[in-house]
Amino acid sequence: MSRPLSRRNFISAAAAVSATALLPKRLFSVASTANASSVTRRVTVRADSEVGVVRPEFHGHFVEHLGSCVYGGLWVGKNSRLPNIVGYRKQAVEYLKDLGVPVLRWPGGCFADDYHWRDGIGPAAKRPRRVNIHWGDYVEDGSFGTHEFIGLCRLLGAQPYLAGNVGSSTPHELRDWIEYCNYPSGSTLSDERAANGSPEPFRVRYWGVGNESWGCGGNMRPEEYARLYRDFAVYCREFGGTELFLVASGPSGDDTRWSRGLMDGLGWERPQGVSMHYYTGGEDLSTSFSRDHLNEQLAIYAKVEESIIHQRAVLDSYEHGGDVGLVLDEWGVWDRIPEEDEKRYGKLWQQSTMRSAVAAGLGLNIFNRQADKLYMCNIAQMVNVLQSLLVTDGPEGEHCVRTTTYYAFSLFKPHRAKTAVRVEAEAPAPLGLSVSASRSDKELVVTFVNPHHDSDLQVECAIKEGNVSDGKAQILHDPDWNAFNSFDNPDRVVPKQHPISTKESRVELELPRLSVATVVMSIR
Ligand code: AHR
């Protein structure tokens with residue numbers, strides 16, 4: 001399991017120079033007012049300079065059998081006193097449908113390499129009860145298995161992404177899971193699926209071949225894992241026309257020793273994707289961050305961007321490596337978690353605050369700016385665990401609250417499937433105004449993130465090669481970085497309309513300290 005970064009790593013992350021800061025100085029024109037708490041920043045959006053498509057999969061999610069993410073969070077069971085849709089928590093499904101979930105990864109995380117898919121099919125009452133060895137040794141009844149996961153994906157309109165067990169399983173077991181899911185009919189496994197209620201194949205395209213194989217997924221060296229990957233991949237087959245996208249277990253952060261060892265060990269074998277995990281660690285409890293730790297955590301995003309650029313370059317340096325998608329399938333803030341909260345609400349239960357929303361905004365802006373280098377990104381995790389979109393008050397709790405991170409994601413929705421275009425903004429390393437933009441034929445979307453806790457920004461944004469009109473903005477902002485949406489006050493931090501001025505090729509707006517704002521405008 002990758003741990004939050006140590007203090008030493010925070011400092012090296014803080015020293016990192018962001019990619020935009022590496023642009024020539026003359027591209028920037030910065031006017032600072034005398035008042036240090038209000039600064040003018042000039043930004044240029046090059047509307048004709050395309051980066052790549054903002055794949056909806058950049059806004060992907062992840063659910064693991066961990067704490068109250070699945071059991072009690074998303075899955076309350078058909079006989080629950082809580083409102084549910086055949087066992088799924090109704091309120092959670094409604095909120096997630098509103099947001100849109102392009103892709104959903106399951107069942108882990110570390111859990112995946114101890115999961116045997118046959119434990120989660122067939123009549124629920126007959127499923128074996130297993131100890132979750134990674135996350136607290138509690139007993140699971142297996143009532144949420146493959147059919148329940150696919151059912152959730154269908155409710156949400158999400159593409160399923162299944163993480164296969166390499167650490168404690170065999171190529172044969174993974175091959176059979178694929179056949180069970182994807183073979184149309186007539187084989188023993190596909191007929192078993194039909195008998196279990198799903199005659200239609202699940203057509204699962206995304207398959208992870210192990211998770212964190214350098215750690216909880218087998219504690220391997222890269223060459224050992226590469227050898228195993230090749231064994232597994234031979235037996236992962238396209239059934240019934242569902243082409244597979246296999247994701248090999250990649251590095252933690254910017255660990256090039258692992259990525260190079262993996263690529264060297266793969267020989268001519270090329271997976272469709274290589275994963276990468278990057279958590280931005282926090283020194284404090286999520287709702288009581290100190291000023292210094294706030295800055296340290298947000299500064300790591302410069303390092304995240306560098307690592308994406310770097311890891312992409314490593315893959316590209318191999319023959320046909322350019323065809324391998326970079327899949328950031330775990331990312332987000334990982335703060336210090338109090339034991340009392342874990343006892344009450346489940347393992348790794350963490351609140352999202354205004355700080356977390358800014359962190360989400362910094363991450364999602366990076367994905368837009370680096371759209372040509374990424375294939376998919378999955379925030380960890382969807383409900384109740386780490387940087388979640390929703391929190392519930394424990395497995396039996398009736399409250400289900402949209403976190404600040406949920407709302408940060410909602411502000412990025414207009415970017416989905418548009419084409420990212422280049423932006424030039426002053427970005428004093430490692431913490432500066434963060435900007436990204438995307439466009440279609442008729443619409444331009446720009447998101448600004450102000451990560452400063454002590455300075456409001458006046459943003460003057462010039463649009464090159466395009467005239468804009470009818471701009472509308474939404475902002476998520478709270479001057480208190482520890483502000484959050486609680487069970488008593490679920491709407492403390494929500495997006496609001498925000499005034500802007502749009503004229504010909506210019507947009508101007510105020511960007512208060514700690515805010516994420518998206519402007520959507522017509523462009524011609
Ligand atoms: O998301 C929590 C854990 O973090 C996952 O199980 C593991 O893959 C990572 O270390």
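**Domain interface**

I counted 15 residue pairs in polar contact between domain 1 and domain 2, both residues at pLDDT 80 or more. A polar contact here is a pair of N or O atoms within 3.5 Å; within protein, one must be able to donate a hydrogen and the other to accept it, and residues adjacent in sequence count only if both atoms are side-chain atoms. On the side of domain 1 that touches domain 2, the elements giving two or more residues are strands E17 (434-439), E18 (443-450), E20 (468-477) and E24 (515-523). Strands (E, at least two residues) are DSSP runs, numbered from the N terminus. I sorted the residues of that side into 22 nonpolar, 13 polar and three charged. Ala, Val, Leu, Ile, Met, Phe, Trp, Tyr, Cys and Pro count as nonpolar, Asp, Glu, Lys and Arg as charged, and the others, Gly among them, as polar.

I noted the ground rules. This is a predicted model, where local features need pLDDT of at least 70, side-chain atom pairs count only at pLDDT 80 or more, and totals for chains, interfaces and linings use all residues. Residues are numbered from 1 along each chain as its sequence is written, and side-chain values use heavy atoms, with hydrogens and water left out.

Next, the bounds. Domain 1 covers 28-49 + 422-523 and domain 2 covers 55-416, by an automatic or database domain assignment. Their C-alpha centres lie 30 Å apart. The contact (heavy atoms within 4.5 Å) takes 38 residues from domain 1 and 40 residues from domain 2. The two domains bury about 3000 Å² between them, 68% of it on carbon and sulfur atoms. Buried area is the accessible area (1.4 Å probe) that two parts lose on being put together, summed over both.

**Salt bridges**

How many salt bridges cross the interface of domain 1 and domain 2? I found zero. The rule asks for a side-chain nitrogen of Lys or Arg within 4 Å of a carboxyl oxygen of Asp or Glu. The whole structure has 28. One I looked up joins Glu460 and Arg42 at 3.0 Å, N to O. Glu460 is in strand E19 (residues 456-464) and Arg42 in strand E1 (residues 38-53), 418 residues apart.

**Ligand**

I listed 15 residues around the ligand, each with a heavy atom within 4 Å of it. The closest are Glu64, Cys110, Glu212, Tyr279 and Glu330. A ligand oxygen is 2.7 Å from a side-chain N or O atom of Glu64. For a polar backbone atom of Cys110, the distance to a ligand oxygen is 2.9 Å. For a side-chain N or O atom of Gln381, it is 3.0 Å.

Most residues other than glycine have a negative phi, and most peptide bonds are trans. I checked the exceptions. The bond from Ala380 to Gln381 is cis, omega near -10 degrees. Gln381 sits in the loop between strand E13 (376-380) and strand E14 (390-392). Gly108 and Gly109 are also joined by a cis peptide bond, omega about 15 degrees. Val86, not a glycine, has a positive phi of about 35 degrees.

Note on methods:
Helices (H or I, at least four residues) and strands (E, at least two) are DSSP runs, numbered from the N terminus.
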